[in-house]
Every structure is written in structure tokens, then in C-alpha cells.
Amino acid sequence: MSVLLAVARLVLVGLFAAVSTAAHAQTPGSWQEVAGAVLSPNPGLSYMAESVSSPTVMYDANRNRFMMIFEAKTNNHDARCPQGVWALGFATSPDGVTWTPRSTPLVNPQPGNGRFYSCALSHPTAVYNPTAYGGNGVITLFAKGEQDTDACAVTTPSWGCDQITGIGWLQIYLDAGGSPSVVAARSTPVLDPPPAAGAPAYYGYPKVVRKGGVYRVLYQVYPDIWSAYTGNLTNFPDNQQRLEIAKNDVKLVIPWVRNELFNPSLVCDDAVGMSYAGFIGGRLTNATGVVSGGWGKAVTNTFGTGATFALDATAQVEFTGDDTWRHWDVHKLTTGDYLVWFDEKTASGNIIRFGGTTLTFNNADVVSKTCP
């Protein structure tokens, strides 16, 4: 699936600059989609009655199945949560296409309870360790928190009064039968970027990989991509945050970047001598919403300090509006192909869809997001 594509190599020297070119990436036009939803809102389940979106997917080799954690808009309408109350759901699939959601949520936020996610845990991203917990498996998950509008009515929490509070983590243990339970959860955000120029910062879209016990998270601090990494989840240091890809430095030479970078979905073990890749979105917005967008490929061979990314000049996928590509999770196959789960906005709520550079694959060919 590989072809030669011109890319701009971006090096961090205070700001990014285009300094050379490289060649890597599969054919952008090779991406295919399965028609229709693979997971839809379910009025019979209150926690996912109105919308499902932002999937993060893992292959569970212990049970030869796929697992998905997703954000779900509940039928709990509370004035303190103007964007709605968003839970985290869990579903399983034998093939990545046919999904069965759990009847109860993993996490169901409660407005007014004082937590940094009293309205929502959203934009989940996960790494799965199949050998942990006696071989039953453990999921480490990061997600964006949102709190209710009167969170500071009595006291001001350590993360402040903004609706979007930061990115926190959960650890989810599986029992012998594969059922999940949340056994550890951070009570405060682990990533809480400072506002830019005195204004509240919009941030989210965390995407994670793990190597040697160290977690690397790329995420958006509007309109750029930032990075953090740690081996200590209980003390994810804010001073590790740094600018990773700056929109203003690349939009003139990378057309698909447009005005904003978002959703930097990470994979391990990429081709052409690169160890990691991000399938990163760019979009153009105006006063009425998203005009157009696309997502392209960025690669790096460095996991920690000093990592730089090379961005393809050509987008893998282009789209118009804000309906078809909102969040996505890309997985590499050992064959060199890729799979993608993504969400789409419809008149009856968001749905989750599936595609890839191939639609024929073996489950065991899915590359883990714990990198070698």
C-alpha cells in the first residue's frame, strides 16, 4: 500500500520550520468505509440513548475480540450541563464491525458531585495490557473532563472554574470472563494546560501510546498539538507539556492543516524507519462552524524529549463540514494496512462507523499501542 508522497519535515527549534522532505505513507485514496453505523444510540439504554462517539478500540488477544470504549450522551438533561451529560460506554465485537454494548456505563457522571468530570468524560483513548491482573488484562484510559456550571458556587476546585477541566485517567480491570470494572481513577486532572493569552484554553482529543512503562499523550490545546509523557500516572507532571506541532508554523506548507490541528491518533511500529505515527486532523472554521477539513499522517522516530514530526503534504482523507469525521482511532496491521473507527453526526445523534485501507484482515494482525 506504500507510495512516495512529498512531506515537509518539521524540526523544533523554538518554532517549527520546513527544512527537508521525506517519503512515507500509504495511498491516501485507498481508504474504504463500511456502509452505515457499527454502533448507534440505543434508546433502551439510558446512558447511550442520544449519541455515541469518539471510539477508542483495543484488540483483546486473550479472548480474540475487540473492545471499544466510547463517549455516550445520556438522557439525563441537567441545566448545569449545557452540553449534556456524557458517560463512557464499553462494547465488544468478534470482528470490529458487529458490536454489543454493555448494559451499564463504565462511568456515569453526576452533576453537582464536585468532580472534574461531573458533566462529562469524553474523548477517551486507551492502551490495553493483556498480561496484567493475572492475565485477565488491564486498560489504562485517558479522557477529557467537563464540570457543571455551578462548580465554583461554594469553593473553587484546584483545576479552576472553566467548563473543560482537563484530562484525567482511569484504570479498568477485566475479570476472568472479560467484564470490566473501574478500579482506579484520578480525582483531579493530570493534564490541565494553562490558558493562552489569558483566555480559557480549549483542549481535548487525547491520544496515547505506551513504551517501556512510559505513556505518551498527544492532545489539542487549540489550535495546536501538545505533548506529555510519564511513567508515573499518579503524578503526571505538567512541566512535561510542550508544543509538539504548531498550526501557524505549518499551515502554509501543509494545505490540509488549515486553521486548527486536532485528534492526533497515534500508532506504533510505522514503516520507513519511523517508530510512531499520528493521523492528525486539520480543519477550517468560521463563525458558523467547520467549513472543510482533512486528516494526514505525521511520523516520528523519537518517543520522548526532542521528538519532531514529519507531516505528509497530502491528506489521507478530506471532508467538508463537521459531520463525517469528528473523532477517530487508527490502528495499524502487521500487513502494513490500517483500520479506523470514527464517528459521524446524523439528525438522530452521532453514530460510530468503521473503515480502513483494507476491510479484510485477521484480528491477530492488529498492532498493539504498547510499542516495542
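**Figure 1. Val209, Arg216, Leu266, Tyr276, Thr300, Thr302, Phe303 and Phe309 line the largest cavity.** The model is predicted; local features need pLDDT of at least 70 and side-chain atom pairs pLDDT 80 or more, whereas totals for chains, interfaces and linings use all residues. Residues are numbered from 1 along each chain as its sequence is written, and side-chain values use heavy atoms, without hydrogens or water. The largest cavity has a volume of about 30 Å³, and the structure holds 1 cavity of 30 Å³ or more. A cavity is a set of points on a 1 Å grid over the protein atoms alone where a 1.4 Å probe fits but cannot get out, and lining residues have an atom within 4 Å of a point. Volume is the space filled by probe spheres set on the points, which are joined across faces, edges and corners. Its lining divides into 5 nonpolar, 2 polar and 1 charged residues (nonpolar: Ala, Val, Leu, Ile, Met, Phe, Trp, Tyr, Cys, Pro; charged: Asp, Glu, Lys, Arg; polar: the others, including Gly).

**Figure 2. The largest pocket has a volume of about 530 Å³.** A pocket is an open set of grid points with protein on both sides within 12 Å along at least five of seven lines. The lining of the largest pocket consists of 19 residues, and those nearest its centre are Gln83, His123, Lys144, Tyr202 and Arg326. Strand 5 (65–73), strand 8 (120–129) and strand 9 (138–146) are the elements that give two or more residues to this lining. Strand 8 provides the largest share, 3 residues. By class, the lining of the largest pocket has 7 charged, 6 polar and 6 nonpolar residues.

**Figure 3. The second largest pocket holds about 210 Å³ of space.** Among its 15 lining residues, Tyr59, Tyr128, Val367, Ser368 and Lys369 are the closest to the centre. At least two residues each come from strand 4 (51–60) and strand 8. The largest share of the lining of the second largest pocket is the 4 residues from strand 8. The class count for the second largest pocket is 10 nonpolar, 4 polar and 1 charged.

**Figure 4. His327 lies in the loop between strand 20 (317–320) and strand 21 (328–332).** His327 has a relative accessible area of 7% and is therefore buried (buried: under 20%; exposed: over 50%; partly exposed: in between; 1.4 Å probe, protein chains only). The side chain of His327 makes polar contacts with the side chains of Asp343 at 2.9 Å and His123 at 3.3 Å. A polar contact is a pair of N or O atoms within 3.5 Å; within protein, one must be able to donate a hydrogen and the other to accept it, and residues adjacent in sequence count only if both atoms are side-chain atoms. Leaving out residues up to four places away in sequence, His327 touches Ser54, Glu71, His123, Tyr205, Asn263, Trp341, Phe342 and Asp343 (contact: heavy atoms within 4.5 Å).

**Figure 5. Gly36 lies in the loop between strand 3 (32–33) and strand 4.** Gly36 is partly exposed, at 36% relative accessibility. The C-alpha atoms of Gly36 and Arg353 are separated by 6.6 Å, although the two residues are 317 apart along the chain. In the protein chain, 58% of the contacts between residues at least 6 apart in sequence join residues at least 24 apart. Of the 372 residues of the chain, 57% count as buried. The secondary structure comes to 1 helix and 23 strands (DSSP runs numbered from the N terminus; helices are H or I, at least four residues, and strands E, at least two).
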